[in-house]
Amino acid sequence: MGAREERAGTDPEGMLLALYDQALPQVYGYLLPRCGNASLAEDLTAETFMAAVTAAKDQNVPDLTVAWLVGVARHKLVDHWRRREREERSLGAVRGGRNEVDDPWDDHVNAEQAYAALTRLSPPQRAALALRYLDGLPVAQVAEVIGRSVRATETLLVRARAAFRRAYEESEGNGA
Amino acid sequence: MAPDPLDTLRLPIVPVSPRPAFAAELRRRVEDELGRSQVSEESEDVMAVDLNLTPSVTPVLHYDDTGAALRWLVEALGMTESWVSRAPDGTVQHAELRWRSGFVSINYARGEYAASRGASVSLTLETEAEVDTLHERAVAAGARIVRPIGESGYYFYSFSIEDPEGNRWEIGTDGRLQELREQQAGER
């Protein structure tokens, strides 16, 4: 009995189970507002924990904490946006790529309208902006998560900001 | 450098509990994948051996979140999970926790138990005839019948009454024990 309890405290598999109740609302709470719908947030939450199980079984977890699990969730979210991107490409959808100006604006940004505008961007642009601004990651870390070079990420962010601004202003123009 | 207006979009993590059924199902998947579910199968075998030690009076506690209650009792009090019955969605419907020579049962406060709160007592009888006899006796004594005699949950044949001050008693045969007895009798 004592032996099993000791083991549960040190092996990643036992720790993952012990962490489950605490980590679940954090992971789901991270994903829900970023996905904007509960069923997708549930799918990605499940993917996150099942990936954590695999990593724990392979003894491949650097530091089993809630923060690490949220990091896994972030990757799952980016993977999801990547899948969306491929789907949209195969459907021949073309978005963005128009005049890429990045004028600094000094107006106050309405958060709700901004989150709505984000959902209308192409998946890579949305992912870059979400990681940079919603999660507050530095550019180098955004680059790491989305698997692009820092330079490419900077370019993506510039374009994404321009596209975001158009989407945001369109919604304003619509009297939103 | 001018402050970036987009910096106001920071979205700190606010913990949100997902649907309980989802949380329970995912926990079950995680446990299955980690091979932890074998632990409860082992303890069910232990139970079968200790058939004669199974108490015939058990306190029953009702909870909205039986899964969380189960884990709490294990973590906070060191009780041992001895038997868990789950709905197809993974929700814990009923569970037994062992404490030395005794047990406490926990029940999902839903369906026929929706109004149940706090504790009730479960009396286990061996045969349906015994259940009928005790039912007649309780009715004659003026017990308020909460659930008429019949099949219910893990009791094969049972009824439920309230005593004069509103404490609830569940009285019946234990279907699982009956199965185990028949199984053991068959093996002999």
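## Strands in chain B

Two strands pair if DSSP finds at least two bridges between them. Strands (E, at least two residues) and helices (H or I, at least four) are DSSP runs, numbered from the N terminus. This is a predicted model: local features need pLDDT of at least 70, side-chain atom pairs count only at pLDDT 80 or more, and totals for chains, interfaces and linings use all residues. Residues are numbered from 1 along each chain as its sequence is written, while chains are lettered from A and ligands numbered from 1 in the order in which they are written.

In chain B, strand 5 (residues 119-125) pairs with strand 8 in the parallel sense, over six bridges. Leu125(B) stands opposite Thr173(B) of strand 8. Strand 8 of chain B spans residues 168-174, and six of its seven residues are buried (20 or more other C-beta atoms within 10 Å of a residue's own, with C-beta atoms placed from the backbone).

## Two helices in chain A

Helix 6 (residues 123-134) and helix 7 (residues 139-146) of chain A have axes that come within 9 Å and cross at roughly 135°. Axes are lines fitted to C-alpha atoms over the stretch in contact, and angles run from 0 to 180 degrees between N-to-C directions.

Which residues of helix 6 of chain A meet helix 7 of chain A? They are Ala127(A), Ala128(A), Leu131(A) and Arg132(A). Their partners in helix 7 are Val139(A), Val142(A), Val145(A) and Ile146(A). Contact requires C-beta atoms, placed from the backbone, within 7 Å.

## Where the chains meet

Chain B gives 25 residues to the contact and chain A gives 29. On the side of chain B, the largest share, nine residues, comes from helix 1 (residues 20-34) of chain B.

Key:
A residue is buried if 20 or more other C-beta atoms lie within 10 Å of its own, exposed if 12 or fewer, and partly exposed in between; C-beta atoms are placed from the backbone. Two residues are in contact if their C-beta atoms, placed from the backbone, lie within 7 Å.
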